[in-house]
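Student: Could you walk me through this chain, starting with its layout and then moving to its surface?

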Amino acid sequence: MTLVETLHIEAASVRDERVEAVMPVMPDVLQPFGFVHGGATIALLETVASLGAQQGTDLESERPFGVDVHVRHRKAVASGTLLGVAELDRIEPARTGGVRQFWNVAAYDDEGDVVSEGVVVMRIVPLARLAEKERERAAARGQE
């Protein structure tokens with residue numbers, strides 16, 4: 001079972017530059033004081049950015065990875081549903097190949113208030129680069 005399945009995250013709208021998904025607030029996602037755990041909210045927000053990154057990725061030759069997450073929590077939530085939204089801000093070349101995508105993300109409660117917001121950076125990595133890194137790691141392990 002994946003984390004997305006465990007958290008019951010479901011995509012509501014997936015387009016190239018905007019993604020929405022919902023996550024029900026259940027006992028499994030609460031911290032000990034009865035509010036949604038910040039890590040669960042961050043998982044929702046990285047998921048919507050990841051779904052967005054997949055839309056423009058050629059999965060035959062590259063893979064998207066979350067590489068940086070900056071999220072601030074603004075409101076505690078104890079029940080209902082969270083709506084996660086990711087909107088593509090910009091795309092930049094990555095130094096070692098591929099590109100980085102910057103996604104503005106926000107989670108909203110049932111009243112439409114912002115619960116958490118921030119930026120998730122996704123890196124689209126060519127499969128050839130992943131294979132090269134694996135060869136380097138294997139060579140390094142062989143020298144130990």
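Student: In what order do the elements run from the N terminus on?
Tutor: The order is α-β-β-α-β-β-β-β-α, which comes to three helices and six strands, where helices (H or I, at least four residues) and strands (E, at least two) are DSSP runs numbered from the N terminus. This is a predicted model, in which local features need pLDDT of at least 70, side-chain atom pairs count only at pLDDT 80 or more, and totals for chains, interfaces and linings use all residues. Residues are numbered from 1 along each chain as its sequence is written, and side-chain values use heavy atoms, with hydrogens and water left out.

Student: What size of box do the C-alpha atoms fill?
Tutor: Taken along the principal axes, the box is roughly 50 × 35 × 25 Å.

Student: And how much of the chain is buried?
Tutor: Of the 144 residues, 32% are buried, meaning under 20% relative accessible area, whereas exposed means over 50% and partly exposed lies in between (1.4 Å probe, protein chains only).

Student: Switching to the surface, which residues make the nonpolar patch?
Tutor: Phe65, Val67, Leu127 and Leu130 make a patch of about 290 Å², and the elements giving two or more residues to the patch are strand 3 (62–73) and helix 3 (127–142).

Student: Is Val67 buried or partly exposed?
Tutor: Val67, in strand 3, is partly exposed because its relative accessible area is 47%.

Definitions and conventions
Patch = residues over 30% accessible without salt bridge, like charges linked within 9 Å, V, L, I, M, F, W, Y side chains within 5 Å. Areas by Shrake-Rupley, 256 points an atom, 1.4 Å probe, with all protein chains shown as cover. Salt bridge = Lys/Arg side-chain N within 4 Å of Asp/Glu carboxyl O.
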